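Dear colleague,

I am passing the structure below on to you, together with some notes on what was found in it. Please read the notes with the coordinates open beside them.

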Amino acid sequence: MPHILIVEDETIIRSALRRLLERNQYQVSEAGSVQEAQERYSIPGFDLIVSDLRLPGAPGTELIKLAEGTPVLIMTSYASLRSAVDSMKMGAVDYIAKPFDHDEMLQAVARILRDHQEARSKPAESPSKNAGKPAANVDGDIGIIGSCAVMQDLYGKIRKVAPTDSNVLIQGESGTGKELVARALHNLSRRAKAPLISVNCAAIPETLIESELFGHEKGAFTGASAGRAGLVEAADGGTLFLDEIGELPLEAQARLLRVLQEGEIRRVGSVQSQKVDVRLIAATHRDLKTLAKIGQFREDLYYRLHVIALKLPPLRERGADVNEIAKAFLLRQCTRMGREDLRFANDAEQAIRHYSWPGNVRELENAIERAVILCESVEISAELLGIDIELDDLEDGYFNESGSSSASSNNHEPTEDLSLEDYFQHFVLEHQDHMTETELARKLGISRKCLWERRQRLGIPRRKSGAATGS
């Protein structure tokens, strides 16, 4: 069981984070400062350190030296994102902005532990060591699981595009792994040793986005007590990944266009420009061309971004890849939780293969983590996956060998012919009268915040308060 050290001076945050991690099968120790951590523990003995940036006494970055190679994840407020980027240059493995979503924290922790474990085991690993383990089709230099034809085509495009400095637009539904493609493009480029700065445009408040991206001068706005560089400057010489770029406000789009056209930025409140050398990779689940036509996205920026477009297929269109990915996730969760005896029962494999996975890879990973936690035998049943699929239909041969449904057109769960947003709307309207918001979000493989945001965007009102309880 991985052992994690939390260093955070705010007791409420520290306790909440400890409970979150312990519920997910991690062993957790805690401290309120760097000094307390030094006095109580052997810091290099942990598998991961999660530390606030600003602590009483020494800052959280001091732990990077004390950890002696143990990965350090820095937590910081939005107002201190630039400092967090500086901490990455000092050796922190990543940063996460407060307030963070629970799923976001758990995904970051799992990814960092996995990457660190793989880095440590590579030199000593031998072919016989993994003889009894399920093999996942991971494309080596790309680092993405899957071998279907559409993914092989994508890998080829990534290898061609990565060595260039061309802007790239990654398109795909939420949860398909767009950030993995961005990391592959960066790692295979000549900028691989420079920073990859990832920014979720939907996660930063609109009032702060321009300051965070482009920096600001002292006195540029209320509260700007000192000048500060932005994240574009932090990516100078490297790669800037803007996730959910469709959520970027129009004013920020204009500033970004200047970066792409002129290779320079101007901080908020400044009259002087400065040169930057940044490769831009953007990602979105929205149709930017349509947004441009209705004036919600700059058309000139769209064409600047659309130099190279890579489209990630939804999981439901990747055929047998879904089972390979599921086996890889199962192995990962069993290793993390100290269980090496689990396998999928036949009905679980059928359910995984034929379920539409509206939340894509993220929903699949959450379902398998849940199943591993709840499983009390050596086999994971379909029921433990907690997905909305009729098990009786699977048993009765509802699906044919090709994976398509043999049911007539009166099937009340259409998925293949629907876009993700159509499916989302259909699912929410059908189930919201007897499911809470938490249950709806869990079934869709998204957070409650994301569920609320999609309701707003698609104009789907919440049910009346008496329709269901517990939300």
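A residue is called buried here if its relative accessible area is under 20%, exposed if over 50%, and partly exposed in between, with a 1.4 Å probe and protein chains only. By that criterion, buried residues make up 49% of the 471 residues in the protein. The model is a predicted one, in which local features need pLDDT of at least 70 and side-chain atom pairs count only at pLDDT 80 or more, whereas totals for chains, interfaces and linings use all residues. Residues are numbered from 1 along each chain as its sequence is written, and side-chain values use heavy atoms, with hydrogens and water left out.

The protein has 20 helices and 16 strands, taken as DSSP runs (helices H or I, at least four residues; strands E, at least two) and numbered from the N terminus. Counting a contact as heavy atoms within 4.5 Å, residues 24 or more positions apart account for 66% of the contacts with a separation of 6 or more.

Helix H1 covers residues 11-23, and its 13 residues should span 18 Å at 1.5 Å a residue, which agrees with the 18 Å between its end C-alpha atoms; the expected span is 1.5 Å times one less than the number of residues. Arg14, Leu17, Leu20 and Leu21 of H1 are buried, and they lie on the same side of H1 because they cover an arc of only 130 degrees around the axis, taken from the directions from the helix axis to the C-beta atoms. Ile12 and Arg23, which are exposed, sit on the face turned away from that buried side.

There is also an open sheet of 5 strands, paired in parallel, in the order S9-S10-S13-S8-S14, where two strands pair if DSSP finds at least two bridges between them. Its edge strands, S9 (196-200) and S14 (308-311), each pair on one side only. S9 is joined to the parallel strand S10 (residues 239-243) by 5 bridges, and Phe241 in S10 is the bridge partner of Ser198.

Finally, Asn360, which is found in helix H15 (residues 360-374), counts as buried because its relative accessibility is 0%. Its side chain reaches the backbone oxygen of Ser174 at 2.9 Å. Beyond its neighbours within four places in sequence, Asn360 is in contact with Glu173, Ser174, Gly175, Thr176, Pro314 and Leu315.

Terms used: Polar contact = N/O pair within 3.5 Å; in protein donor to acceptor, adjacent residues only side chain to side chain.
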